[in-house]
Amino acid sequence: MSSESRASSSGDEASEPNPNPIPKPPEDQLAALALSETDSHANGVVHGSAGENNHNHQEIESDEEEVEANSAAPGLAEVEESREGLPRGSVGGVVWARTNSELEVDGPSSPSSSGYAGERGSSSASSGGSGIDEISEVRNEEVVDGFSDLQASWVPGKRHVDEDDASLSWRKRKKHFFILSNSGKPIYSRHGDEHKLAGFSATLQAIISFVENGGDHVKLVRAGKHQVVFLVKGPIYLVCISCTEEPYESLRMQLELIYGQMLLILTKSVNRCFEKNPKFDMTPLLGGTDIVFSSLIHSFSWNPATFLHAYTCLPLAYATRQAAGAILQDVADSGVLFAILMCKHKVISLVGAQKASLHPDDMLLLSNFVMASESFRTSESFSPICLPRYNPMAFLYAYVHYLDADTYLMLLTTSSDAFYHLKDCRIRIEMVLLKSSVLSEIQRSMIDGGMRVEELPLDPLPRSASFSPHLGQHTLSTDSPDRFREPYIGVGGPAGLWHFIYRSIFLDQYVSSEFSPPISSPRQQKRLYRAYQKLYASMHDRGIGPHKTQFRRDENYVLLCWVTQDFELYAAFDPLADKALAIKTCNRVCQWVKDVENEIFLLGASPFSW
Amino acid sequence: MPSRRRTLLKVIILGDSGVGKTSLMNQYVNKKFSNQYKATIGADFLTKEVQFEDRLFTLQIWDTAGQERFQSLGVAFYRGADCCVLVYDVNSMKSFDNLNNWREEFLIQASPSDPENFPFVVIGNKVDVDGGNSRVVSEKKARAWCASKGNIPYYETSAKEGINVEEAFQCIAKDALKSGEEEEIYLPDTIDVGSSNQPRSTGCEC
């Protein structure tokens, strides 16, 4: 479809007689919050100019690996000020083809030319015989079915173990994460072998300590395109070196999460080990958890929970979720601190003992830990874990059991000898879930997926009607297979709406629309998440914010963000989308979310203090 | 986090400027020597993998600057060291006399848990110079000092000729490894919900 026809299609829609352009929500409160163009002017709209964000294209990215396109790696070279004999920026031989063609593909002139995704996909970085074959391209077929997650194409575990700071390939990785001790001993490195990077680790420690010696703290070093972000947590130092253009705040938050993941595995008691013995080597304690960290780092590019600090639920009929919650509540009353039922990274239901509350970040780290560790899948497990936001100093015990390939139950307790009790609880829960066909509902929801921008209702309908035929109990079982067979040629939803994320502040939950063309490849999805992340950071910037609305147009998207006391909405539109229509569409999205909130959110059914 | 357990040893090299710390390290790690003197700025870091008694471990060598102006970096650099190498030039009495200061300084800054038994190694470098004719510190004198400080192992080396360098570092690795042997049990608290979520004060047993 050409851009012309698409522009006209949105024009059609605009001219379409719409009896009620701005839906009047039932609650006065929501009506008052309806976003309108004039409002947004009053609130100080930020107009991003085209080209403002164009650096994003110049990244050669595959779904997971990020490798710097530029042939010189000045940033890393500068950090390693005291090393000698390294090929500092002298990278002559190897050629990383930069594919500027993407800029054209992405350009506003033909953002939706036929084979949009395909063209993207084929503009692969040629590795020029450098021997790094990981810069393979995104596999488009993985996303055709509409419910693909980026996880699908991600190979878990650590790669490039042979690399060290002298390797050209290592220096070209776009995003490094390091954990080290305050004596400069390496604990974790995302790329390369920790021991081979001992010298680099020492350099990082020297930089941090040098600044601390002067009674100061180093937070950020900019070196050309690279940002070096430091986070000091007592005896643990965390460093990110990145040229991904992500905001400092986002990178720092990612380091916080990595630190949290470490605490989840070991608790903050490691600090005492360092106090007692500065030589303390943490690596044996973290043995085998490499994959947990790499999985978390991977989620920074696909899981919005990592920057929204909210969790998301699997869409389910209200009654189904209630049934799951009831049985969880049952066991929670028998001495279980938290009972959590999840499907991949989505919550089905969770309950906590009185007064106990679970932070979304803890849930993210816990589910990442469970999903990344293969051993949880094969047997019922009982493992000490720490919820850093709940109590960073001490362990809880987690009973984990997979009910099917994707659905797992986590029962957290403070008692180290509760295994058999929790096993009994699980058997009871499993029986109830099977009998009440909750498990089959879960599987159906997995296949059906969540909200789709194509299904955004045009007119406000009575609340009793289901706007999304596949959501919850209104599902027509014959509906979904058809949907998947249909090749998507679409351009997203009405008014050029491509995607949205709605975060309920009160519930600490978010809902994200399913990805559909033109945001189809994992790489495009990552790019969109990065754009959201940037938007999130700018909306929450303490220096200039908080903002209420932001309208930003560049050659990739129109991004619209709307923050109220109750929710945050992030929406991505076609770069040619009409502003007034986009605003109108956002109002409709909010109304839609409100209408199906029983199915997409876990509502306060349990005595849970959020 | 390698699956096979490997040990990383932090080794600090101290000594007056110009005694050949960087040259020793370069000879050991890169088997190279340069006559040119280049002052170390702050510190240099080198990594060497060593096999010792069927165990693979990594030496993280901190080559520090000898100049006094860099001494403010002390704590940061010395923290968590597994072994400290004190280097002097056998042709310079002052560099030998200063060994005592370097040792004291290290023990103060690094404050190891057991200072009496902290592994040091002393190296008398540049034994090749002038065929040994310009030597001012006798081996006897050096060994006597080492003995008085708790039998510190002593080596005489030539970084230029590569004499005894390998042996000295073998000893360094051995000593560092010995001091890091104690296996510790990691046992943090469990949350006690009954007492308002405060962890029990039983302490970490490590």
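**Salt bridges in the predicted model**

Lys233(A), Glu249(A), Arg252(A) and Glu256(A) are joined in a network of salt bridges. The structure is a predicted model. Over all chains, a search of the whole structure finds 20 salt bridges. Side chains of opposite charge can pair when their charged atoms come close. Three further pairs are described below.

Within chain A, the side chains of Lys175(A) and Glu246(A) form a salt bridge, with an N to O distance of 2.8 Å. Lys175(A) belongs to strand E4 (residues 175-181) of chain A. Glu246(A) sits in the loop between strand E8 (236-242) and helix H9 (248-266), so the pair ties together parts 71 residues apart in sequence. Lys175(A) and Glu246(A) are both buried.

A second pair involves chain B. Lys185(A) makes a salt bridge with Asp82(B), and their closest N and O atoms are 2.6 Å apart. This contact crosses between chains. Lys185(A) lies in the loop between E4 and strand E5 (186-189) of chain A. Asp82(B) lies in the loop between helix H2 (74-78) and strand E4 (83-89) of chain B. Lys185(A) is buried, as is Asp82(B).

Arg428(A) forms a salt bridge with Asp330(A), the closest N and O atoms lying 3.3 Å apart. Arg428(A) is in helix H16 (residues 419-435), and Asp330(A) is in helix H13 (residues 318-332). The pair thus links distant parts of the chain, 98 residues apart. Arg428(A) counts as partly exposed because its relative accessibility is 37%. Asp330(A), at 42% relative accessibility, is also partly exposed.

Technical notes: Residues numbered from 1 in each chain as written. Chains lettered and ligands numbered in written order. Predicted model: local features only at pLDDT ≥ 70, side-chain atom pairs only at ≥ 80, totals over all residues. Heavy atoms only, no water. Salt bridge = Lys/Arg side-chain N within 4 Å of Asp/Glu carboxyl O. Helix = DSSP H or I, 4+ residues; strand = E, 2+ residues; numbered from the N terminus. Buried < 20%, exposed > 50% of the residue type's maximum accessible area, 1.4 Å probe, protein only.
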